[in-house]
Amino acid sequence: MKKKEIETQVSNYLMEHYDKLYRLAYSYMKNQEDAMDVVQESAYKAIRSCSQIQKEGQIATWIYQIVIHTSIDSIRKKKHEVVGMEEYQEEGRKDHYEDVDVMKSLSILSDEERSIVILRYFEEYKLKEIANILKESENTVKSKLYRALKKLKIELAI
């Protein structure tokens, strides 16, 4: 595929699926502005390096990888910036993930486990697609998903 063609397809995908990408970023960042920053930075990275894509079918998983990695990088960066300060949570912020107990429970999971749960149950991806996004085998994703669900079950039962 030609570079201009790929760039157009990546741009179209970003615009058509902005809400999904935002929700994924929000699940990590837990803050509207930070989630929008992550999506914007991810879009920039995707468009800048779209020449890495060889097949049209890889665009979605490739962009999801970028959003996940950008979210994790942003969290790491923020941890260094906020050392010693207390965390605060802004009131009145709403997202599509309305169940507060579930969202709080997701915070006990590792980044990878959280990604798998969100991609599977909130974004409704198949295990094979999640495996492609995370560059893991399907069996590894399954075992991590079941481990994460066990943790969530224990957390929500309390």
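I looked up E136 in this predicted model and found it partly exposed, with a relative accessible area of 27%. Its side chain meets that of K144 in a salt bridge, at 3.4 Å from N to O, and K144 itself is buried, with a relative accessible area of 15%. I then noted that E136 and K144 are linked with E112 in a network of salt bridges.

I turned next to the other charged pairs, having found that the structure holds seven salt bridges. In helix α6, D111 and R114 lie three residues apart, about one turn of the helix, and their side chains meet in a salt bridge of 3.3 Å, N to O. I recorded R114 as buried, at 7% relative accessible area, whereas D111 is partly exposed, at 27%.

In helix α4 (residues 59-81) I found R76 and D73, also three residues apart; their salt bridge has its closest N and O atoms 3.7 Å apart, and D73 is partly exposed, with a relative accessible area of 38%.

Back in helix α6 (residues 111-122), I checked S115, which is buried at a relative accessible area of 1%. Leaving out residues up to four places away in sequence, I listed its contacts as Y28, I68 and L134.

After α2 comes K30, whose phi is positive, near 60°.

Note on methods
Residues are numbered from 1 along each chain as its sequence is written. This is a predicted model: local features need pLDDT of at least 70, side-chain atom pairs count only at pLDDT 80 or more; totals for chains, interfaces and linings use all residues. Side-chain values use heavy atoms; hydrogens and water are left out. Helices (H or I, at least four residues) and strands (E, at least two) are DSSP runs, numbered from the N terminus. Buried means under 20% relative accessible area, exposed over 50%, partly exposed in between (1.4 Å probe, protein chains only). Contact means heavy atoms within 4.5 Å. A salt bridge is a side-chain nitrogen of Lys or Arg within 4 Å of a carboxyl oxygen of Asp or Glu.
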